[in-house]
Structure formats: C-alpha cells, structure tokens
Protein chains: 4
Amino acid sequence: MTSPPLRICIWNEYHHERENPDVGKLYADGIHNAVATFLREKLGAGAEVTTATLGEPEHGLTVEKLAATDVLYWWGHAKHLDVQDEIVDRVQQRVLEGMGLVVLHSGHDSKIFKRLLGTRCSLRWREAGERERLWISAPGHPIASGLSGEYFELPHAEMYGEYFDIPQPDDVIFISWFEGGEVFRSGCTFTRGAGKIFYFRPGHETYPIYYDANIQQVLTNAALWAKPSGATYLGECRNPTESLSPIEKRD
Amino acid sequence: MTSPPLRICIWNEYHHERENPDVGKLYADGIHNAVATFLREKLGAGAEVTTATLGEPEHGLTVEKLAATDVLYWWGHAKHLDVQDEIVDRVQQRVLEGMGLVVLHSGHDSKIFKRLLGTRCSLRWREAGERERLWISAPGHPIASGLSGEYFELPHAEMYGEYFDIPQPDDVIFISWFEGGEVFRSGCTFTRGAGKIFYFRPGHETYPIYYDANIQQVLTNAALWAKPSGATYLGECRNPTESLSPIEKRD
Amino acid sequence: MTSPPLRICIWNEYHHERENPDVGKLYADGIHNAVATFLREKLGAGAEVTTATLGEPEHGLTVEKLAATDVLYWWGHAKHLDVQDEIVDRVQQRVLEGMGLVVLHSGHDSKIFKRLLGTRCSLRWREAGERERLWISAPGHPIASGLSGEYFELPHAEMYGEYFDIPQPDDVIFISWFEGGEVFRSGCTFTRGAGKIFYFRPGHETYPIYYDANIQQVLTNAALWAKPSGATYLGECRNPTESLSPIEKRD
Amino acid sequence: MTSPPLRICIWNEYHHERENPDVGKLYADGIHNAVATFLREKLGAGAEVTTATLGEPEHGLTVEKLAATDVLYWWGHAKHLDVQDEIVDRVQQRVLEGMGLVVLHSGHDSKIFKRLLGTRCSLRWREAGERERLWISAPGHPIASGLSGEYFELPHAEMYGEYFDIPQPDDVIFISWFEGGEVFRSGCTFTRGAGKIFYFRPGHETYPIYYDANIQQVLTNAALWAKPSGATYLGECRNPTESLSPIEKRD
C-alpha cells in the first residue's frame, strides 16, 4: 500500500521577518519557508509542502487550496486581527471535516485557535532569553516518536507560563520548565469534529527554534499524526423521518 | 458553614409556548417557569431562582444580571439566530469566569453552546414520539445523584442521535437508547475557563419532560455541580517582566 | 521510508471452538486463525501475523515472543482464571513499554484488561441473538477509517449493556444500540504507560462476527493505530542527585 | 438541607515519625494526626475525622471501618509492601463503590494507587530541599477553591519530576516547578467505578508541608470534592434474560 503524498501547507503572517532585521537575518525566507524546508527534507516523497501568507489574496487560503490541504501549520503573532473572519470560518470548517491543524507558538492567540477551543487561550509570558526544558509527559504518543531521553532543552526561549486558558487537552505531550520560574503545557492535542489539532509552544521569531533538531522531529511527527484518517464527518443535522427500527404506536 | 443561596437564572426564548397552543397548554407560564418552579421546590432556601427571556431588553441578560448569576440554564429552539452576538460574548465571558451553564435539549444548536465548544454541535433527529431510555454511564458523578436503578425512561421523546458533533466531553453521564434505533450522549459535561457546562438532551416542548421526577432530579443536581467553586480565572495575558527565580545571563 | 513489518500476535484461549460443535463449525481453526487470516490479507507485507494459545507453554507468551510483538490481540471467555498471574504481569509490562493491546469482546473480563484499567469491567449482558447497530461517535479517529455511513449493523449479536465499569476512555469510537433496549460503549481506547489499548465489543463465538467486512476493517485499523510509536517509556523511578539547574542554598 | 457529617479516615503507615527523630519532632503525633487536626478545624461539624495505621489489626481498615468511611486519605512511604493484599482488595472495592481516596505524596508508589491506575506510577525524584512552585492549571476545579494568585510556593521540598507514569488524569489541577529543573503534575484527579481519587504531590515527612495554609486548603477541598455523591455503582455483571424492548424473531 503506497499512500498519496501528504499535502501540507505552512501559513505565516510573514511580518516580523520583513520588519525586524534580526528576525530577517534568522529567517531570511520567512518562518514558513524554514518550516517547509525541514518538512520536505524529513518527509521526502511522502509529502508535498507548500506555503501561504497573510498578504496573498484570501490570505493564500482559497477554498480550492484548503480542499487540497491535509495538514495546515499556522504561524501568526502581530497580525492576528488582520485575518478575515470569512477565512477563519473556512479554516474551521476544513478542520471539522478532518484537516489537521498545527498551531505554532504565538498562534495561541490566533482567531482560528480561539474559535476552535472556545476559550481565551491567554497565558503568562516574558521575553528574557531564558532556558526552557521540555519534559516528555506522554512517551507513547506518536508526536514524541524519535525523541531520546526524558527531556530536551532550548537554551534561549520566550517564556509562556500557566495558567494557559485552554479546555482540557486530549493529551499533554510536553510540559516545559522555565528558568525564571514558570511551567507550561507546551504540546497539547485536541480533536474538533474529524480534525486533529496540535499546539506546540516553542518558536519565538528571535531565536533559531525552527533549526533545532528536536523541534524539527516533533513538527514532522505532528504532520503524520494530524493527517485526516477517519470516517466521514457529519457537520449538518440529519432528519430521517423513517426510523431504522420499528416504533410502537402509543398515546 | 452556611453558604449564600445559589443564584440561578433560567433563560428561555419563550416562543413555542406562545405560538403553539399545545405547547402553551403544557407549559402555560413558559418552560422557564416550569424549570424555575421545581428548582425552587427542590433547592428551597439554598437557591434564588429567577428567569429571563429573549424579548426582554438585552434578552434579560444585562451585565449586572449576569454578574449576579451563579448558574444559567438555557432553553432555545426556533430563535437561536435572534440572540445578539454581543449578549453571546457576554455570556461566554461569564462562563469563562466561572458561571455554570446548563444547556437544555435544542440548545445544542444555540450560539453560546457552539461558541464554547468550537464545533457544529449537529446531530440526527426525528420527531416520532418514541420511547427513550437513559442509561447511567457515570454512576459516581454528582449529576447522577439520587437516581435509582441502571436507567430511567421517557415514554415519548423527540429522538436525537449520534454522530453528535461535540468535542470529547469531560464526562458522559447518560447515554440514551431510542426505540427507532439510535443512541445519543445525553448528559455531557465540559469545562471552559473556570466554568462548568452541562448539556442535557431531554426536553422537547411538546412532551411533559420537565414534569418528570428523574429529569427534575438531574437538573437540580446540575445546579449544585455547576456552581462556581474554584480559584480566580485569568482570562487576560500577563507579562511579568521580573522573573520569580533568577535567570542566568548567557549570550 | 519503508517500515519493518508490524509484528502482530493473536492470542486465544481456544476453548469453545474445540468443545462446542457449533462454534467449531463456525471457526474451524479457532478464532485466532480467523482473525490472523483477515489481518494477513488486509495488511499484506506490512505485517507478520502469528498466534498463541492458552494451552501452549507459558500460554505461548514467552518473554522472547512478547519482546518480538508490536500488537497483541486477546480473545478469552471461559478460561480467564486459567491465565497465570506471571504471564499477566509480563503482558502488562510489555503494554506499559509500548506494545499495543486489542481486547476482543468477552476479554472485558480478562485478568489483563482489569489489571490495566483498575476496575471490575463488569457489564450487563443477554444472549438472545438480537440486532446490534454500532454508531460512529468519533469519526476522525484512525480506527474508524474506511467505514462509510453513520453506523453499521450486526444482525445477530450477544448484548452487552451499560453500565460498563471502565475508567473514562481516551476516545469512544462506537456506541452500540441493541434491539432489546440497551446501549454500550463498544469501541474504547485507553493509554497505559507507552501502550495503546483498544477494546472492541463485537465478537461472540456463536456468530460469524469475525467474517464481517466492517469488523475486519475496524480490527485492521486497530493494529495500525496501536503500534508502538512514541519515545522511551520510563517505568522505574530515577534518582538523579545532581540537579539540572542550580539550587540555591537556604536554611 | 443538612447533610450528615462527612466520615473521613486518615491512614498512615506511621513509621518515619517513630524511627527518625527529625520527623518525630516535626510530626510528634504522626502525620495522620497532623492531617486529622487541620481537617477537624476547617470542616468543623461537617466532618468526623478518624485515623488508622499499618500496625493496627487489619491495618485499622476493617470491613466495618471502610463501610463507615466516605473519604480515605493515604500516607505511605517505606512500608508499602507491608500492606496486605487482602486489605488492598478491600480498599479498591470501596473506592469502586464510591468512597473517595486522597493519595498523599509518596503514596504514588502504594499498592492501592498502582492497583487502581494500572501503571507503575514511577517518577523522577531528588531530595535536596529545593524550592517548589505549584501553578494552578485548572482554576475552576473545586479543589482549587479559596486559593489566591496564580501559584503558591513551598520553600523546601523533595522533588518529584516527570515522566510520572500514570494514565491521563481527569483533571490536572496543579503543575509544579522545581528549582533544580523539573516539572510535575502535582494535583491529579481520577475516577474509578463510582469513586473519586485525588493524588496530591507535596508532603515529604522531613518538611512541615502539612502545616502550610495552602496545603491545608487544598486537602480540605479534596475531602468535599471526593465524597460519594452519585448513583448506585454496579460492580457485578447483570444477566437479565428478559429484554426491556421486544426482540424480533429472525434466523
């Protein structure tokens, strides 16, 4: 059995890389292309990886494009409010139908993430370049595949801390320790309709997070895990007036 | 320790009872007053029960009213779209802050329920007056308190069937069997922010559901379970620049 | 990337087929071989499927055999108490380490299932050859892959009904409706340590359940879903006396 | 409505306090009496608090005693293996029937906790008197009631770190940060049968943990949360040969 290639799209608001020279140096082609590059390398013929950005017509997320996407990665930070509600509706519908969604770092505050979770997705944060240590709290989960040891570290990271205002995740795969004193549920899965969602905390634009081998391993695993794989999703009410089994007449 | 009375508000779109003579006969003062009446009887001095309806200014759900509500019951069916988005925002905020929400029957399709869950909340349905048997699937849950036996029955009910498009509930307390061949997760709990949500399936307006002793027991339990009881909810991002523990200087 | 074949072992107490002529006619080579046959057909070169039975030395589940097993299927009914505790210990340890476990039908009452879940796993049952209709309640789950429609049926089945005494499953993929009036959570997943567990209700020995196309689809999906795939499992306590980050001296 | 007093029993192996002078000084009457004392103060007439210890006949947990216990607290550390299996069976049965169980600190390695969870409950640990900061990750949970702020601290604690080998909890109410670099799910709830279980990490015998106001608040909340409150638990299989609804005759 050969499966058709997984159709992955990396979406990026693509703002910091063009406005902030430090970020531009780190991610010369944008964070979307940095992510696309390692996914192509690691998944090879198993995936077709494309990108889309906020500035494109319909933010690059046309009906056709989304219909042809199995897993969508989302990077947004400064421009969440510039994403049109109509496109958010469209992405939500595709997630419910089964498209995987991988929400990166500051995407916790995106319209699409808050729409799907129903909460504020607020958190505590500090930008101090501190150490982050991600502990594996669900070792059997496919998203932890290929990681060795009990934890991995990022030498410099923006801190995100609890309370993280999300509904109870299906699984919490990583819990972060921060040097400055906080903890965070850094790898969380959710299901909405037929769609699988993975939120992954690391990723600030001023650190080389997406060049880190462990981060790349996790985000590659996420694509394989989040791909559509179930039965048909039923998003509309059904009203079959004939019953399947007989109903006795009574008063 | 005496607790102050639980402040309960029953919200109703209050449409069918005034438009449909059969419903009007069954629920002469509206479904909201039928629910309020048995909650008052069963909770006595432990609760102050009020009502609010769609036709009142701000649908009866002013900022002040919601601030003074511990648990809100929601009955809507034909007029979901008439509920203003601003009021939905307000109810959502209060749920996140800790107000309990009990969503009744056709409220599965209300704006507030879909807002909090992030899915379509669609289902299969049939109006044929068939038998419903609710099996207790979480006997230890406070919402099942005081029920005897393995199940209870409703002789005539509208059918709701799976697939019910909701995120995985925290607990599924009842699973219904329908004479015509369907099943349904009829009692589901969710947490959003600091708020507890209970969805309870039974309740069609043309059947005397809210006069049934088991239904009354469940909905009384729900108030006690859904009341606010935790720590302070934090719905806004916090940015403490000073760290709690020292951060080593590195390059 | 070609993965090595999935190493599947079907375990059977292999009693009814040899003692009861009706069962022997239906499953001439034993239920284990019926299951092994369709898994081989459907998974092809992707799997190596073997069998083991109660009567073999160490019930066919030697240390070496289990170490070389990725997913174990379990069929037991009349001989649960004949399974040695030492072998149950061994299977439990392998599940915690990551081996998948698929528990079939009457296996709900097996030592290994109760050991892993911590509850009685008791249920309501009736043998009356009644109709069962399995509704898909988690359409996005990989175990529901390839099923069409909202449900599938078995014309004759033993009834299992709620309350099913299990901890809250990770996912409930199927909920059954029974003609005689009961419901049941018929497809349930659990995680224990690094191991994935799937309980699947259908399967009585006197009905041709394992020849049914939908049943075969589900049980094939289960193997792919339950395979080990995460990080290293840590089943022993660790006591690293050196801290990873500096600890301030205080009194 | 006045409820009868909650019948709470604090169980302790009562070893360290009598063998280790430092512990004996800290908990002169044993940890069980320290816990019993603050529960009596805080719950007043709402509770009857008793104690039981390993050295008593049947470890103080006779059939009669357990039948008259609503919530059992468990403190064990060095003598887990001295607890008789028959008593573990008995406690498990009572939990399934609805008795609440609050497992303290090193009780993670007790027979009863591992029996109910099905995993090894292993973890990482270090005794270095380091700082622990417990972050509230489920602010709406009754067990977090009355706590103020985003976290609370213990100046000196034994470290417990992830991976903590437990099944996915129902709720994770606290996540700890440790000065030396680890994180831990420090407040976890589980349901088994009709019984509610709360595991609470803090509590090493060489630190005055049980005299801390926040710890006392949490453990008082736990009693109120864990009390039996649902419907009747069904731990035995039921075989009603008559069906509730008619079954059509077919071949």
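**Chain C against chain B**

I began with charges and found two salt bridges between chain C and chain B, counting a side-chain nitrogen of Lys or Arg within 4 Å of a carboxyl oxygen of Asp or Glu. One salt bridge I looked up joins the side chains of B:Arg124 and C:Glu150, at 3.1 Å from N to O.

Before going on, I noted that this is a predicted model, where local features need pLDDT of at least 70, side-chain atom pairs count only at pLDDT 80 or more, and totals for chains, interfaces and linings use all residues. Residues are numbered from 1 along each chain as its sequence is written, chains are lettered from A and ligands numbered from 1 in the order in which they are written, and side-chain values use heavy atoms, with hydrogens and water left out.

I then counted 12 residue pairs in polar contact between chain C and chain B, both at pLDDT 80 or more. (A polar contact is a pair of N or O atoms within 3.5 Å; within protein, one must be able to donate a hydrogen and the other to accept it, and residues adjacent in sequence count only if both atoms are side-chain atoms.)

Which elements of chain C give two or more residues to the side that touches chain B? I found E5, strand E7 (171–178) and E8, where strands are DSSP runs of at least two residues and helices (H or I) of at least four, numbered from the N terminus. E7(C) gives the largest share, six residues.

In contact, meaning heavy atoms within 4.5 Å, are 24 residues of chain C and 24 of chain B. I read a buried area of about 1900 Å², 57% of it from carbon and sulfur atoms; this is the accessible area (1.4 Å probe) that two parts lose on being put together, summed over both. C:Trp135, C:Trp177 and C:Val183 supply 28% of what chain C buries here, more than any other three residues.

**Chain C against chain D**

Next I turned to chain D, where 53 residues of chain C are in contact with 53 of chain D. The pair buries about 4100 Å², 47% of it on carbon and sulfur atoms. How many salt bridges are there between chain C and chain D? I found zero, alongside 26 residue pairs in polar contact, both at pLDDT 80 or more. On the side of chain C that touches chain D, helix H5 (85–97) and strand E5 (124–136) are among the elements that each supply at least two residues. E5(C) brings the largest share, seven residues.
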